[in-house]
Amino acid sequence: MSSLPSVAAPPPDQDVRSRLDARNDRWFAWLLKGCALLVLAALLGAAFATLWGGRHAFSTFGWHFLVSPAWDPGTDTYGALVPVYGTVVTSLVAVVLAVPVSFGIALFLTEVAPGWLRTPIASAIELLAGIPSIIYGMWGLFLFAPFFAEHIKPWLTAYLGNNPDGDHPSWVYDHLPFIGKLFSTDYPFGASVLTAGIVLAIMIIPFISSVMREVFMTVPTRLKESAYALGSSTWEVVWDIVLPYTRSAVIGGIFLGLGRALGETMAVTFVLGNTLNLSASLLDPGASIASTIANQFSEAVGLQKSALMALAFLLFVVTFIVLLIARLMLRRLAIKEGR
Amino acid sequence: MLNATTTVSRLGTAAVLAAATLLGANTARATDITGAGSSFVYPVISKWSAAYAEKTGNHLNYQSVGSGAGIAQIKEGTIDFGASDAPMSSEDLAKYGLGQFPIVVGGIVPVVNISGVSADQMKLDGQTLAEIFMGNIKNWNDPKIAALNPGLKLPSKHITVVHRSDGSGTTFNFTNYLSKVSPAWGSSVKFGTSVKWPTGVGGKGNEGVSQYVRQIAGSIGYVEYAYAKQNKIAWVDMKNAAGKVLKPDAAGFAAAAATADWAGAKDFNLIMTNAPGANAWPITATTWAIMYKKPKNAEHTKVVFDFFKWSYANGQPQAQALDYVPLPPSLVQKIEAYWASDFQK
């Protein structure tokens with residue numbers, strides 16, 4: 001400013017004002033940076049605390065902790081394979097079931113439903129997201145698990161797997177043993193990996209479908225109407241216009257749901273059956289990282305406590321890997337689309 | 001300005017009042033003591049503390065945080081007594097300068113869901129129970145079960161074992177009993193607040209186990225007697241160490257507490273499952289209070305002893321209403337002798 005002599009120097013008042021502004025801006029920026037760093041510090045702190053708590057387990061068992069299926073407080077031997085496997089499988093089942101349903105809900109609300117119906121259903125879905133997980137757990141244990149045991153499980157074992165009463169294996173079991181194994185069990189009750197997956201699916205549907213609905217609404221009307229004008233059906237518009245336009249956000253929403261499913265504790269503890277024995281069947285009871293911690297932490301001492309902390313650290317690792325995969329998928333998509 | 005002054009003076013008055021109240025509380029006789037640990041004794045301790053507070057004005061704040069946490073907190077000295085479902089070893093107690101004694105007795109019962117079999121109809125012995133929980137006996141019509149139950153019609157039904165999924169004193173005592181009666185169990189599964197179950201499904205808490213047992217036809221589980229009784233689940237009669245088949249009831253639990261070999265157990269470090277008495281229910285459990293022998297806070301410690309003394313003498317109605325069993329007088333005498341000899345008042 002001073003380099004322009006023709007312009008009168010600003011009055012001192014204004015000068016002070018602008019300096020004050022600059023200082024306030026700097027402080028504001030630091031404040032914001034502090035907020036962001038707080039998140040990072042909390043995350044790193046939690047990860048480090050669980051790693052530190054689990055150091056005895058990691059140093060005692062080494063790599064065996066990751067691959068051993070043994071979880072035996074009697075001999076103080078611990079391995080994370082069963083809970084990690086249970087966590088991943090229940091979450092995958094949940095996502096596989098929840099994504100198509102959420103997609104349908106979001107489509108219905110943005111493309112098909114009459115205007116007066118959209119807001120009530122959207123609010124209902126958001127309310128569903130607010131239900132505490134213990135309620136889902138109680139519902140799962142008292143209502144869904146018995147229903148599952150009585151009506152769904154017998155059908156699955158009879159047509160896809162091996163009957164618990166040992167009559168004869170199904171056609172699928174004989175010809176596609178891999179699928180047959182998934183649906184064979186000796187246990188006649190409702191708590192199982194699949195039950196937990198279904199309850200989790202119901203829990204994450206609100207998250208995934210709200211994200212999908214929000215992003216579907218961002219698709220410019222002119223794109224959709226052009227396609228309709230060219231004679232596309234609703235399905236063609238959705239598949240060829242809406243979905244490509246919103247793909248990365250949709251994947252983001254799915255991984256948000258997956259992240260929630262991975263860490264869910266109470267609902268899973270109620271319907272998973274809590275058995276720390278490795279089994280390939282979706283109809284056998286299992287255990288997840290979060291449910292094992294919730295079950296055993298209060299009475300655990302010594303190495304068992306350390307092993308539970310180590311499990312918590314592994315949950316961080318699993319979640320991190322899932323997020324990493326999401327990032328990689330999004331990047332690959334971006335490259336493919338030439339962006 | 002005027003407003004502000006009024007507010008300030010009001011705040012001032014409030015502060016003075018609050019301080020007066022606090023001072024008043026401090027100068028009164030009441031002492032607040034704290035305990036933490038086992039959730040098994042929580043219902044009866046909270047009833048006792050309410051009645052005790054009414055009588056003496058001293059309040060007990062008991063946190064039901066689990067035995068492990070209770071032991072950790074008493075070691076750190078943040079509470080006046082800890083409560084644990086598993087006894088501490090004499091070496092551990094000596095290391096931290098602690099002492100322990102039983103609080104109250106309760107029973108654990110096997111419960112079943114077999115169509116046509118109601119409470120007290122099925123009879124089992126420890127060996128058979130262990131084989132069922134190991135998964136060696138897989139069907140209710142197994143000859144070993146039939147031999148113990150002449151006259152009872154047993155269906156051909158797959159046995160589903162239900163156990164606790166959470167670490168608990170109930171599991172500790174149940175698996176301890178199985179370890180005592182079955183060498184195979186004792187060497188492979190062992191006992192603890194949580195174990196590696198050879199078979200079955202895990203329910204969270206007494207309510208989780210009983211819910212699974214109710215849902216699954218042909219299942220067997222184990223819960224605290226009070227829970228089975230209040231929820232009317234079919235329990236199993238057991239053959240005890242003396243070879244007598246017993247119904248689970250207060251008399252049987254008390255007999256176990258009375259006949260267990262306390263004389264040979266230093267610091268009451270004895271798990272009273274499979275007690276030798278003729279009328280002793282075999283799966284009887286107790287919870288131990290753990291305290292410093294040299295009090296960290298003499299005034300609080302005095303009240304804690306007074307609380308337990310009062311509960312042993314006057315706690316029957318509360319304990320019986322909740323289906324716990326007060327300690328038999330012979331055991332109370334031993335505990336009071338232990339207080340006199342081992343604790344500094």
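This is a predicted model: local features need pLDDT of at least 70, side-chain atom pairs count only at pLDDT 80 or more; totals for chains, interfaces and linings use all residues.

Colleague: Thanks. Is helix H5 of chain B buried or exposed?

Modeller: To judge that, we count neighbours: a residue is buried if 20 or more other C-beta atoms lie within 10 Å of its own. In helix H5 (residues 126-134) of chain B, 7 of the 9 residues are buried, so the helix is largely enclosed by the rest of the structure.

Colleague: Which residues of H5(B) are buried?

Modeller: They are Gly126(B), Thr128(B), Leu129(B), Ala130(B), Glu131(B), Ile132(B) and Phe133(B).

Colleague: And where is Ile137(B) found?

Modeller: Ile137(B) sits in the loop between H5 and helix H6 (143-148) of chain B. With 17 other C-beta atoms within 10 Å, Ile137(B) is partly exposed.

Colleague: Which residues is Ile137(B) in contact with, leaving aside its neighbours within four places in sequence?

Modeller: Thr128(B), Glu131(B) and Ile132(B) are among them, along with Asp142(B), Lys144(B), Ile145(B) and Ile159(B).

**Domains and chains**

Colleague: Let's step back. How is chain B divided into domains?

Modeller: Domain 1 covers 32-106 + 285-342, and domain 2 covers 107-258. Their C-alpha centres lie 29 Å apart. Across the boundary, 19 residues of domain 1 of chain B are in contact with 16 residues of domain 2 of chain B.

Colleague: Which elements give two or more residues to the domain 1 side?

Modeller: In chain B these are strand S4 (98-113), strand S11 (284-292) and helix H14 (329-342). S11(B) gives the most, with 3 residues. By class, this side of domain 1 of chain B has 10 nonpolar, 7 polar and 2 charged residues.

Colleague: How many residues does the contact take from chain B and from chain A?

Modeller: The contact takes 26 residues from chain B and 28 residues from chain A. On the chain B side, helix H3 (67-76), strand S7 (201-203) and helix H9 (205-215) each give two or more. That side of chain B has 7 nonpolar, 15 polar and 4 charged residues.

**Packing and the core**

Colleague: How do I read the packing of two helices?

Modeller: Look at the angle between their directions and the distance between their axes. Helix H11 (residues 234-263) and helix H14 (residues 302-336) of chain A pack at an angle of about 170°, and their axes are 10 Å apart. That makes H11(A) roughly antiparallel to H14(A). Residues making the contact include Ile251(A), Phe255(A) and Leu258(A) of H11(A), and Val318(A), Val322(A) and Leu323(A) of H14(A). The residues of this contact divide into 12 nonpolar, 4 polar and 1 charged.

Colleague: Which residues touch the most other members of the largest nonpolar core?

Modeller: Of the 167 residues in that core, they are Leu200(A), Ile204(A), Val271(A) and Leu311(A). Helix H9 (residues 193-216) of chain A gives the most to this core, with 16 residues. Both domain 1 (32-106 + 285-342) and domain 2 (107-258) of chain B give residues to this core, so the core lies between them.

Colleague: What does Val271(A) touch, not counting residues up to four places away in sequence?

Modeller: Val271(A) touches Gly137(A), Gly140(A), Leu141(A) and Ala145(A), and also Ala191(A), Thr195(A), Ala196(A) and Val199(A).

Key: Residues are numbered from 1 along each chain as its sequence is written. Chains are lettered from A and ligands numbered from 1 in the order in which they are written. Domain bounds come from an automatic or database domain assignment. Two residues are in contact if their C-beta atoms, placed from the backbone, lie within 7 Å. Helices (H or I, at least four residues) and strands (E, at least two) are DSSP runs, numbered from the N terminus. Ala, Val, Leu, Ile, Met, Phe, Trp, Tyr, Cys and Pro count as nonpolar, Asp, Glu, Lys and Arg as charged, and the others, Gly among them, as polar. A nonpolar core is a set of buried Ala, Val, Leu, Ile, Met, Phe, Trp, Tyr and Cys residues joined through C-beta atoms within 7 Å. A residue is buried if 20 or more other C-beta atoms lie within 10 Å of its own, exposed if 12 or fewer, and partly exposed in between; C-beta atoms are placed from the backbone. Axes are lines fitted to C-alpha atoms, for helices over the stretch in contact, and angles run from 0 to 180 degrees between N-to-C directions. Angles under 35 degrees count as roughly parallel, over 145 as roughly antiparallel, 65 to 115 as roughly perpendicular and the rest as oblique.
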